[in-house]
Amino acid sequence: MRARTRTARQAVVLAAVASLGAGLLAGCADDGNSASPSESGGGGGKTTITLGLFGTMGFKEAGLYTEYEKLNPKIKIAENVIERNENYYPALLNHLTTNSGLQDIQAVEVGNIAEIVSTQADKLEDLSKAPGVDKSAFLDWKWAQATTADDKTIALGTDVGPMAICYRKDMFEAAGLPSDRDAVGKLWAGDWNKFVSVGQQYKAKAPKGTTFMDSPGGLLNAILSSEKEKFYDSSGEIIYKTNPAIKAGFDLTAKAAKDGLVGAQTQFQASWDTTIANSKFAAMACPPWMLGYIKGKSKPESAGKWDVAVAPKSGNWGGSFLAVPKSAKHAKEAQALAAWLTAPAQQAKLFAVQGSFPSAQAAYTSPEVTGAKNDMTGSAPIGEIFAEAAKSSPVQVIGPKDQIIQQGLTDNGVILVTKGKSAKEAWETATKTIDNNLEK
Amino acid sequence: MSTRHDTAAPPEKEGGAAPAARGGAAPPTEAETRRRLRQSRRWQRDVRWSPYAFVSPFFVLFIAFGLFPLIYTGWASLHTVELTAPTDMDWVGLRNYTRIFDDDFFWNAAKNTLTIGIISTVPQLLMAMGLAHILNYKLRASTFYRVAMLAPYATSIAAASLVFVLLFGRDYGMINWALDAVGINPVDWQNDKWPSQIAVSSIIIWRWTGYNTLIYLAAMQAIPQDLYESAALDGASRWQQFLHVTLPSLRPTILFTVVVSTIGASQVFGEPLLFDANKGASGGAEHQFQTLGLYLYEQGWINQHLGRASAIAWTMFLILIIIGIVNYVISRRLRASS
């Protein structure tokens, strides 16, 4: 016993010494960095602007940094990427509330923008008057999402996710449905109920082992994304339980799940990826970035078998913003860079390389967008289809806790119907979970 | 530190061992006395306080990263605080604690922690005991097996969990594929209550069995060989030797592993978090494998309710103390009975 406590104590002391040493080293390293960003870049008198991003946002891949550095010889750009927004966002919030450790430019995901606008606006620069920013170039609703009640725009839109329906031409044909994108769009135009009844027709003659749609979460998300008001009303009240559109969307999804029209998967899970690779479903809601995802998960033989049709109602799924913290080391230069990166010409280049659809509508007439093609969809003019969807998307009211509510409805709600629960039970589990999560 | 020879030993008279101080036996001057006194005070202070200075880094770090968070968490648990504005605190007294009593999600998580703890700890320790017993025999390449025992422990939870998630997949997982091959219907490992808890436990068992095996093995090797020899002379079989020699000698070690495993089980976090199909902390669609650690994380970091999360943390802390006391009482009883 005695020997054990002694070694334990030694271990603790060792750990303490080690962490102290690590702290000192880190302190030194940090010092070297922050004291002289102009020298650490290695080029005489250059200013280094840092960007904090999540996932692959593609600025670097599209060569935009090199181009900007060429245009502004005094600027150097460095990015700091965290793979998942779930890890990036809590850290960003922490840094904003303590006003430390922030990069010169910070990216914000659309699901978090309302919370940032309502709780952190005083920590961020008003970008509406930054040099080079042209409000009219952006989609109105995208601009509005990052604007506070007192008319400060604290972030500039990068991409958006105008939603269409991607479907498998071969599987539609096999089930006796039309496969031409205009005819397909007409089948369900204007109403999600029609979309689900097309699913019934599909099921009647479906190729064995396939479902009409990929997942209950995908269907519910598509329906909710096309509503003008979903979880919050325009005065900021939470209305998700009383909003008839939400309950109707939930019940419609539950019905589709009960009838076996959707697969029993959770999106972005490994087994969901496998259903893409094995061609287990015929249609899914898809923004432009989803085509890249499909391409990444598909087997080569499905290339060209997909097509894109207009969704029953337009909606938006995904997109990001760039914000400049007031405490940034080079706030002024950062504003200029953020404005340049989100200008129409740069957004068009980003779309060509990365498939991130521009939020600057001025870019929709550029050849990069009008001439866009994707391997999965062959000759379909995807640029035009998505541009149409982007322009007709509703100006959606988004609230600070949208993500929590939607995740509750999906992952603690409609998914249960595929496990044999009734729609009523699923709704109760979902609302109970959400209420507990929202309660302060 | 105090190694100045001219003052260390008193000067001796002629014939003594130490050389006489220079200047003969002349009485020290006033200034000299003061100097010596000062020096002796400094040495006393040195001897008395230096050890504290040497251990202080630990305590400074402990205060910064152990005590302060503990107190701050306690303070935050008495307020309504959101992670978006940690400095805006509204005093609510014990409300965060009282509402835990009728918080179904908390008790569900507590129950899950208990059941996952039992179905992971018990088989794990039994298997570790068996493996240690086997490894204690003369084996070829025994060092290899002993090192191999530690391999799962050395793998990261993240990597292990991801592999297990693939193995336990409902539609394309290898385990269901194997079950199907022997004619058993596929099990929905992630969404049904007991299968999901068993799956999570299996990750824990896989990681910690080897670790406990090595602890048992070390203890077994300390048992004197003569005990086995005399038992063998008395005609005891291998199994009787294990029951009557090995097990009693291992009692303190078993207690130690039980305590450590209990503490580990009450803090289970990484395995269920990564096993979650929703990539969140809700522990499955119906919270069927949400542990207390996950619930705490969900309230604090997903929902950003710092006050509620702090109250949960303190409640967990109190529960752990109770478990500790129970363990202590049981171990005292056991020791008294032996």
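Reader: How many disulfides does the count come to over all chains?
Author: This is a predicted model, so take what follows as computed from it. A:Cys166 and A:Cys286 form a disulfide, with 1.6 Å between their sulfur atoms, and that is inside the 2.5 Å cut-off. Over all chains, the count comes to 1 disulfide.

Reader: Is the disulfide of A:Cys166 and A:Cys286 right-handed or left-handed?
Author: The thing to look at is the torsion about the S-S bond of A:Cys166 and A:Cys286. That torsion is about 40°, so the disulfide is right-handed.

Reader: How many residues apart in sequence are the parts that A:Cys166 and A:Cys286 tie together?
Author: Both cysteines, A:Cys166 and A:Cys286, are buried. A:Cys166 sits in strand E5 of chain A (residues 164-168) and A:Cys286 in strand E7 of chain A (residues 281-286), so the parts the pair ties together are, in sequence, 120 residues apart.

Reader: What separates A:Lys247 and A:Asp251 in helix H11 of chain A?
Author: Their side chains meet in a salt bridge, 3.4 Å from N to O. A:Lys247 is partly exposed, at 30% relative accessible area, and A:Asp251 is partly exposed too, at 32%. They are 4 residues apart in helix H11 of chain A, so the separation is about one helical turn.

Reader: How many salt bridges are there between chain B and chain A?
Author: Over all chains, the count comes to 21 salt bridges. One that joins the two chains is A:Glu439 with B:Arg99, where the closest N and O atoms are 2.6 Å apart. Between chain B and chain A, the count is 4.

Reader: Which element gives the most to the side of chain B that touches chain A?
Author: The contact takes 39 residues from chain B and 42 residues from chain A, and there are 16 residue pairs in polar contact between the chains. On the chain B side, the elements supplying at least two residues each include helix H2 (30-76), strand E1 (79-82) and helix H12 (292-302). With 5 residues, the one giving the most is H12(B).

Reader: What share of the area buried between chain B and chain A do carbon and sulfur atoms give?
Author: On the side of chain B that touches chain A, the residues divide into 15 nonpolar, 12 polar and 12 charged. The area buried between the two chains is about 3100 Å². Of that area, carbon and sulfur atoms give 51%.

Reader: Is B:His305 buried or exposed?
Author: B:His305 is found in the loop between H12 and helix H13 (306-337) of chain B. Beyond its neighbours within four places in sequence, its contacts include A:Asn437, A:Glu439, B:Val81 and B:Gln299. The relative accessible area of B:His305 is 1%, so this residue is buried.

Note on methods:
Residues numbered from 1 in each chain as written. Chains lettered and ligands numbered in written order. Predicted model: local features only at pLDDT ≥ 70, side-chain atom pairs only at ≥ 80, totals over all residues. Heavy atoms only, no water. Contact = heavy atoms within 4.5 Å. Buried area = accessible area lost by both parts, 1.4 Å probe. Polar contact = N/O pair within 3.5 Å; in protein donor to acceptor, adjacent residues only side chain to side chain. Nonpolar A, V, L, I, M, F, W, Y, C, P; charged D, E, K, R; others polar. Buried < 20%, exposed > 50% of the residue type's maximum accessible area, 1.4 Å probe, protein only.
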